[in-house]
Amino acid sequence: MVKLIDIISPIYQELLEKCARRKISVNLDFQNLHTAIDDEEAVSKFFATEIKRAFKMCDAGDKITISQSTNADGKNRLSVKNSSKETLDSATVEKLREQGYEIRARFGYDTIITLVV
């Protein structure tokens, strides 16, 4: 079984380089990077897709936060948050919800996309 750190490390390193060029801040907020991940493919796809989406939405001065927390029931909440002033359109929000993601996207506030595994 793979650990979360094995999935996130290469993604994070690439994101740091891209964000440095565009002056976008990157934050990590992980409770436990050594959390075992059962579905490596789903988690890798989630982070790759949602970090790319956040990066495209952000401008200089914005912030991307990648986070992980564990619920009381032992499930992991993996999130990508961005502080872009641009928000997701309703069709994209519905499509993401159909895929099982939790979305918080409001104009003027952060956009947070979460996968619970």
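Q: Which residues line the largest pocket, and how is a pocket defined?
A: On a 1 Å grid over the protein atoms alone, a pocket is an open set of points with protein on both sides within 12 Å along at least five of seven lines, and lining residues have an atom within 4 Å of a point. In this predicted model, the largest pocket is lined by I11, E14, L15, K18, A48, I51, K52, F55 and K56. Residues are numbered from 1 along each chain as its sequence is written, and side-chain values use heavy atoms, with hydrogens and water left out. Because the model is predicted, local features need pLDDT of at least 70 and side-chain atom pairs count only at pLDDT 80 or more, while totals for chains, interfaces and linings use all residues.

Q: Which elements supply this lining, and what is its make-up by class?
A: Helices (H or I, at least four residues) and strands (E, at least two) are DSSP runs, numbered from the N terminus. Here α1 and α2 are the elements that give two or more residues to the lining of the largest pocket, and the largest share, five residues, comes from α2. By class (Ala, Val, Leu, Ile, Met, Phe, Trp, Tyr, Cys and Pro nonpolar; Asp, Glu, Lys and Arg charged; the others, Gly among them, polar), the lining has five nonpolar, no polar and four charged residues.

Q: What volume does the largest cavity have, and what lines the cavity?
A: A cavity is a set of grid points where a 1.4 Å probe fits but cannot get out; points are joined across faces, edges and corners, and a volume is the space filled by probe spheres set on them. The structure holds one cavity of 30 Å³ or more, and the largest cavity has a volume of about 40 Å³, while the largest pocket has about 190 Å³. The cavity lining consists of E50, R53, A54, M57, V80, N82, T111 and I113, with four residues, the largest share, coming from α2.

Q: Which residues have the most contacts inside the largest nonpolar core?
A: A nonpolar core is a set of buried Ala, Val, Leu, Ile, Met, Phe, Trp, Tyr and Cys residues joined through side-chain atoms within 4.5 Å, where buried means under 20% relative accessible area, exposed over 50%, and partly exposed in between (1.4 Å probe, protein chains only). The largest core here has 31 residues, and those with the most contacts inside it are L15, F46, F47 and I64. Among the elements that each supply at least two residues of this core are α1 (4-22), α2 (40-57) and β4 (63-70). Contact means heavy atoms within 4.5 Å, and I64, leaving out residues up to four places away in sequence, touches L15, A54, F55 and V80, among others.

Q: Is S67 buried or exposed?
A: S67, found in strand β4, is buried, with a relative accessible area of 17%.
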